Amino acid sequence: MGNKILFENDHVRAWLIDVGPGDELPMHHHRLPYLLVNLADGDLSVGTPDDEPLRRSLRAGTVEWHDSGEVHMFVNQGAEHYQNILVEVKAADDPERRA
């Protein structure tokens, strides 16, 4: 499993998330809103502190928006590595940076 910062500036931080078959990304808190770009298909079990894990099937090339405050964990239930690029938006609440 690996998380690697690919790019960072004052506005955004981009991560490569790579989770092998059967590996888990432990419970974590997203303090910033983020864009998720799926690089590979994924069969994940996603859980929150309050709910039982739910299965999610993700497809390569799809993009999702997530608001700040999300707390979750996930397990790669598939037979292949699941990868995505996660782009955190640092300046989302700064009215001076809105166009």
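Colleague: Hi! Which strand holds Val-63?
Modeller: Val-63 sits in strand β7, which covers residues 63-66. Keep in mind that this is a predicted model.

Colleague: Thanks. And which residues form the nonpolar patch on the surface?
Modeller: That patch is made by Leu-35, Val-63 and Trp-65. Together they have about 280 Å² of accessible area.

Colleague: Let's switch to the sheet. In what order do the four strands of the open sheet come?
Modeller: The order is β3-β8-β5-β6, and the strands pair in the antiparallel sense.

Colleague: Which strands stand at the edges, then?
Modeller: Those are β3 (24-29) and β6 (54-58). Each has a single partner strand, so one side of each is left without a neighbour in the sheet.

Colleague: How are neighbouring strands turned against each other?
Modeller: By 25° on average in this sheet, with direction ignored.

Colleague: What joins β5 to β6?
Modeller: A hairpin does, running through six residues. The two strands pair over five bridges, and β5 spans residues 42-47.

Colleague: Which residue in β6 is the bridge partner of Asp-43?
Modeller: Ser-57 is the partner of Asp-43. In the case of Val-46, the residue standing opposite in β6 is Leu-54.

Colleague: New topic: how much space lies in the largest pocket?
Modeller: About 370 Å³. The pocket is lined by 22 residues, and the closest to its centre are His-28, His-30, His-72, Phe-74 and Leu-86.

Colleague: Which elements give two or more residues to that lining?
Modeller: They are β2 (12-19), β3, β4 (34-38), β5, β6, β7, β8 (71-76) and β9 (82-89).

Colleague: And which one gives the most?
Modeller: That would be β9, with four residues in the lining of the largest pocket.

Note on methods: Residues are numbered from 1 along each chain as its sequence is written. This is a predicted model: local features need pLDDT of at least 70, side-chain atom pairs count only at pLDDT 80 or more; totals for chains, interfaces and linings use all residues. Side-chain values use heavy atoms; hydrogens and water are left out. Patches are made of residues with over 30% relative accessible area and no salt bridge: like charges are joined within 9 Å, nonpolar side chains (Val, Leu, Ile, Met, Phe, Trp, Tyr) within 5 Å. Accessible areas come from the Shrake-Rupley method with a 1.4 Å probe; for residues, only the protein chains shown count as cover. A salt bridge is a side-chain nitrogen of Lys or Arg within 4 Å of a carboxyl oxygen of Asp or Glu. Two strands pair if DSSP finds at least two bridges between them. Axes are lines fitted to C-alpha atoms, for helices over the stretch in contact, and angles run from 0 to 180 degrees between N-to-C directions. On a 1 Å grid over the protein atoms alone, a cavity is a set of points where a 1.4 Å probe fits but cannot get out, and a pocket is an open set with protein on both sides within 12 Å along at least five of seven lines; lining residues have an atom within 4 Å of a point. Grid points are joined across faces, edges and corners, and a volume is the space filled by probe spheres set on the points.
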